[in-house]
Amino acid sequence: MDRLRTFNPLSSVSTGVVTLVAVATVLFYLFRAIVEPYVMIQTLAKAIGLGSTYALVALGFVLIFKGTQVVNFAQGALAMVGALFLSFLAADEHIPFTTVRNPLISIGPEWFGWALSVIVALVIAGILGLVLERVVIRPMIGQPLFSVAVITLGLEAILRTAANDAVQTELRPLAIPWGTSGFTLGGETNAGGLTSGGASIAWAYVAAAITAVAAFLAVYFFYRSRMGVAMRAVAFDQEAAMAQGINVGRVFAIAWIAGSILAAIGGIFATQPPIAQTGAVQLETQFIAFRALPAVILGGLDSVQGALVGGLIIGLAEITAGQYLSQYAGTLGSGYPLVVPYLVMIVGLLVRPYGFFGTPEVRRV
Amino acid sequence: MTLSVNKGLSGFARLPGSGRKGATLLGRPNLFTSYERESRIFTSTTQKVVAAVIIVVLFLMPFELPVINQIPIIRFLGDGPYLRPVSTTLVYIVAALGLNLLLGVAGQVSIGHAFFMGAGAYAAAFLGGEATSTVYGHGLPIWIWLPGAGVTAAAIGVLIAPVAVRLRGLYLAIVTLGLVFLGIHMGNMDWGRKFAGDPGLGRDFPSLELALWKGQDPIISTADDGRWLWFDVTKAEKIYLVLLCITLFMVVLAKNIIRSRTGRALQAIRDRDVAAEVMGIPEFKYKVIAFALSSFFAGIGGALLASLVGKLPAIEWDLFLSVEFVAILLIGGLGTISGTVLGAIFVVLGPRLIEEVTKWLESQTEATGPVATVADLIVTDGANDFGPVSTATQSPGWPMSIFSWNVVIYGLLIVVFLIFEPLGLYGIWLNIKSYFKRWPFSY
């Protein structure tokens, strides 16, 4: 059978190269872990924080793709819109686009009001996703995949511009309760109470990791529910699922609601200071989705566990490059960690054209 | 309606009364009796005449001539302030033809067109630009830097193609998207700045002058106003005419590529790649060719665009530019030359039209009457007005500026066209044509 496969000289060469790179990377991590254990722990914590954020956004992509066969390029704009609504509700303490004070803020302790605002912002994001699906995606059923992907690019242009004009020129923080604070592992505390050495880990990293684990567990159990089985059936074959009495329209709606909510969660984490450079919602917030796309592709467009693994690999690559290659920043150009995900994606795709967990397309004659 | 006939069989299919091989029956313009006749650039005399008239009008458009200046829209487009967007349209047509070869003809999805355009632009700047202390440049003439830009971009396309050939559909789209981000980053790296100049301001690109060699007086100068043949031409008109010649050449080139053996092979791969391979078309080879051809057009388009704008930072070759070209193809209609041209006109001149309409509405707000009321409802020019369009050029916030509205309308156009008319403007044109052809029967 092997002789029948199309000859591609890249395949064997690139597999060898990538194996070498992977072994070298593991050896490098082991070496750094022995030399500077605390720096390594801190790097890993950062990587998990960023990787979890990527994984959340990637999971949104994957849910929408699995449910509706659409690559949603508007995911970044949805992330920005979600973060923006939280900013209106929690930081401005107003109901969006009005001057009425947000009543949720005064319920219970400070963090409780904030949590309620988060829920409201996520619900708004979900409704937005539902509306987009009904109005724009539903009429496109049966059209080529690329046409629908381009439609989402059009949606992205609209949402991005609208959100950017809503941000205006002000700084829009999110009033996150734990802010930039964190804790320190190890290290020595001197008489003045200042800690030196050790690994300082921000709570934001912990929060992102917990949220990602919760989201993936939720998807895991959802896929075993009645609706989840229906969704997997639709992902497998829309017409056959319809013939079995599955309401495909409802599956589409749920996929888009879940995808938009995950995008909004990703947008909120992407605006947190230790994970992102800035602590305010701005045009850059939406780039989280374009940076998470390599994670989706690396893991496989239609694979839930691929989104988690891809997100963590991309996060690790980006943080490691930023940490250990900083002395070459002049040669590599400022902001070089941001393009590391794309390089990892292209190299990864040379080995596995459908990502690590993606389903290869069957070509029938 | 086609009677496709092998060369050996054409004797059978020759229609009674037709002298030449495969001649068209009068009044049956869609009846083709030979393959050569069907694949001609112009299949009927009418098309030839229309094309000739359009080309003549395009060449004479900028000048104050009695007849042409009476045609409603052409009257405006040839004038000074509108000539620049029209020139931009011509450049966009060249680059869009490249994407059409890849996406419309070969069926390979790409949203990395801006990357190849940037590659061409910086190759042109390297060959033809002026060297300064911060950037490279060799000051070579246009007949070196313009083909050089295309060839460089094509070479980069060939380098990338082996990766791309392994991928299908949306995976390919996202990898080409990655190329755009990598390209912008390369332009900001230390060695990239030697080509791209300052990340904020960019560098100067070569101008569209034709000289024999560097340092010599240009044969065709576009630096200032002058006199060509019987006409006084301004600088903008000279640039327009040079671009028009280049664009026409590229349009014919693209059309001929599509008609050739290569073009047919690419279409076969688009329609069914496995079937094409079974018929003996090497898929790998032709996909690499598709990327090379597409990048060649993109490189030339990018070089011309950079030359037209004059100074561009590397960040301008971004995803938005790529999406604009995908939009041109989808709005115009995939796979056809005329669709590409229509789409480019629509996407480049559309925003300009909206701007003009807004300006006109703004001028109407001062008057009284129904028009002024409508204009007042749409345009905001004071603090306490509530129209959705602001006259301030780029201030964020509600009411939104014309710039923001343009992006929103452009996004809406993509959505609306894809939902309601997937064949694009070309499809609308076909509908109109068939309506009149079948009149008075609507079916």
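Colleague: Ground rules before we start?
Modeller: This is a predicted model, where local features need pLDDT of at least 70, side-chain atom pairs count only at pLDDT 80 or more, and totals for chains, interfaces and linings use all residues. Residues are numbered from 1 along each chain as its sequence is written, chains are lettered from A and ligands numbered from 1 in the order in which they are written, and side-chain values use heavy atoms, with hydrogens and water left out.

Colleague: How many residues of chain B are in contact with chain A?
Modeller: 46 residues of chain B are in contact with 57 residues of chain A, contact being heavy atoms within 4.5 Å.

Colleague: And what area is buried there?
Modeller: About 4,500 Å², with 75% of that from carbon and sulfur atoms. Buried area is the accessible area (1.4 Å probe) that two parts lose on being put together, summed over both. In chain B, the residues losing the most area to chain A are R166(B), L170(B) and Y171(B), together 19% of what that side buries.

Colleague: How many salt bridges across the interface?
Modeller: The rule finds 0 between chain B and chain A; a salt bridge is a side-chain nitrogen of Lys or Arg within 4 Å of a carboxyl oxygen of Asp or Glu.

Colleague: Which helix gives the largest share of the chain B side?
Modeller: Helix 8 of chain B, with 10 residues. Helices and strands here are DSSP runs, numbered from the N terminus (helices H or I, at least four residues; strands E, at least two).

Colleague: Switching to helix 18 of chain B. Which residues are buried?
Modeller: G424(B), L425(B) and G427(B). Buried means under 20% relative accessible area, exposed over 50%, partly exposed in between (1.4 Å probe, protein chains only).

Colleague: What do the buried ones pack against?
Modeller: Helix 14 (319-332), helix 15 (337-364) and helix 17 (402-420) of chain B.

Colleague: Back to salt bridges. How many over all chains?
Modeller: The structure holds 8. One of them joins R160(A) and E156(A), with the closest N and O atoms 3.2 Å apart.

Colleague: Are those two buried or exposed?
Modeller: Both R160(A) and E156(A) are buried. They lie in helix 5 (residues 145-167) of chain A, 4 residues apart, about one turn of the helix.
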